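Have the coordinates open in a viewer as you read.

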Amino acid sequence: MIADPKSQLMAPEAYLEWEDQHPFRHEYLRGIAYAMTGGSVPHNDIALNLYRILYPHLRSRGCRVNVADVKVQVSDNGPYFYPDVVVSCDERDRRALKLIQSPCLIVEILSPGTTGFDRGDKFRAYRRLTTLQEYVLIDSETRNVDCYRRNDQGKWELTAYPLDEAPEESDPEVHFTSIDFRCPLSAIYEDIDFPEPSLNLPQ
């Protein structure tokens with residue numbers, strides 16, 4: 001994200017009105033609007049893969065899934081974010097026109113420039129959403145998915161895929177418990193080609 005020099009210290013109401021008139025997306029945190037930067041082709045393909053496999057499962061359950069261009073409101077005063085994928089099964093969001101307020105699952109796809117923010121300040125903000133049950137981070141450069149789940153005590157627990165105990169060549173099953181959904185890890189990364197690792201050979 002890049003801070004917009006014309007949007008310093010805006011009230012949330014001013015941000016929402018300003019962004020409605022703006023051609024580009026901006027996230028809003030602590031009074032500042034941040035321009036959204038473009039993602040890589042694998043980043044986009046992973047989001048579309050996940051949307052494609054989630055949609056039929058969620059439609060039958062009366063839930064909605066959105067990709068990239070839909071804003072999530074943490075509170076009236078912000079922050080406001082644009083997750084890569086967001087799922088809500090809350091009746092209040094069924095006919096939402098501008099933003100989602102009660103998501104149960106949020107997915108961010110990591111890139112080198114956003115990893116620290118997605119794991120840090122953004123996750124801290126998302127944890128304020130009382131309806132959120134899972135926060136999923138998908139690496140766009142390697143086959144790794146981190147799934148944070150809120151347990152019965154309200155604490156967040158991490159399950160990492162591939163599982164540590166899984167054989168290296170296996171295709172583990174990813175489980176999103178908030179929506180009772182399972183799929184192989186390979187389905188999330190379908191048609192994604194990762195660059196070969198470079199070898200530092202002795203001279």
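How many nonpolar, polar and charged residues are there in the lining of the largest pocket? The lining has 10 nonpolar, 9 polar and 6 charged residues.

## Ground rules

This is a predicted model, where local features need pLDDT of at least 70, side-chain atom pairs count only at pLDDT 80 or more, and totals for chains, interfaces and linings use all residues. Residues are numbered from 1 along each chain as its sequence is written, and side-chain values use heavy atoms, with hydrogens and water left out.

## The chain overall

The chain's secondary structure comes to 5 helices and 14 strands. These are DSSP runs numbered from the N terminus: H or I over at least four residues for helices, E over at least two for strands. Buried residues account for 43% of the 203 residues, where buried means under 20% relative accessible area, exposed over 50% and partly exposed in between (1.4 Å probe, protein chains only).

Now for contacts, meaning heavy atoms within 4.5 Å. Take those between residues at least 6 apart in sequence, and 54% of them join residues at least 24 apart.

## The largest pocket

Rolling a probe the size of a water molecule over the atoms shows where empty space is left. A pocket here is an open set of points on a 1 Å grid over the protein atoms alone, where a 1.4 Å probe fits, with protein on both sides within 12 Å along at least five of seven lines; lining residues have an atom within 4 Å of a point. The largest pocket holds about 500 Å³ of space, a volume being the space filled by probe spheres set on the points, which are joined across faces, edges and corners.

Its lining consists of 25 residues, and Met-36, Thr-37, Gly-39, His-43 and Asp-84 lie nearest the centre. Two or more lining residues come from each of α2 (41–59), β9 (105–110) and α3 (115–119). The most come from α2, which gives 4.

## Nonpolar cores

A nonpolar core is a set of buried Ala, Val, Leu, Ile, Met, Phe, Trp, Tyr and Cys residues joined through side-chain atoms within 4.5 Å. The largest one has 29 residues, and those touching the most other members are Leu-50, Leu-54, Val-87, Ile-138, Phe-176, Ile-179 and Ile-188. Elements that supply at least two residues include β7 (85–88), β9, β10 (134–139) and β11 (145–150). The largest share, 6 residues, is from α2.

Leave out residues up to four places away in sequence, and Leu-50 touches Val-85, Val-107, Ile-138, Phe-176 and Ile-188. Apart from this core lies another, of 17 residues, with Phe-81, Ile-100, Tyr-126 and Leu-132 among them.

Two strands pair if DSSP finds at least two bridges between them. β7 and β9 run antiparallel with 3 bridges, and Val-86 stands opposite Ile-106. β9 and β10 run parallel with 6 bridges, and Ile-109 stands opposite Ile-138.

Val-107, in β9, counts as buried at 1% relative accessibility. Its C-alpha atom is separated by 4.6 Å from that of Val-136, 29 residues apart along the chain. Beyond four places in sequence, Val-107 touches Leu-50, Pro-83, Asp-84, Val-85, Val-136 and Ile-138.

## On to β11

β10 is mostly covered, with 5 of its 6 residues buried. Over 5 bridges, β10 pairs with β11 in the antiparallel sense, and Tyr-135 stands opposite Tyr-148. A hairpin through 5 residues joins β10 to β11.

Technical notes
Nonpolar A, V, L, I, M, F, W, Y, C, P; charged D, E, K, R; others polar.
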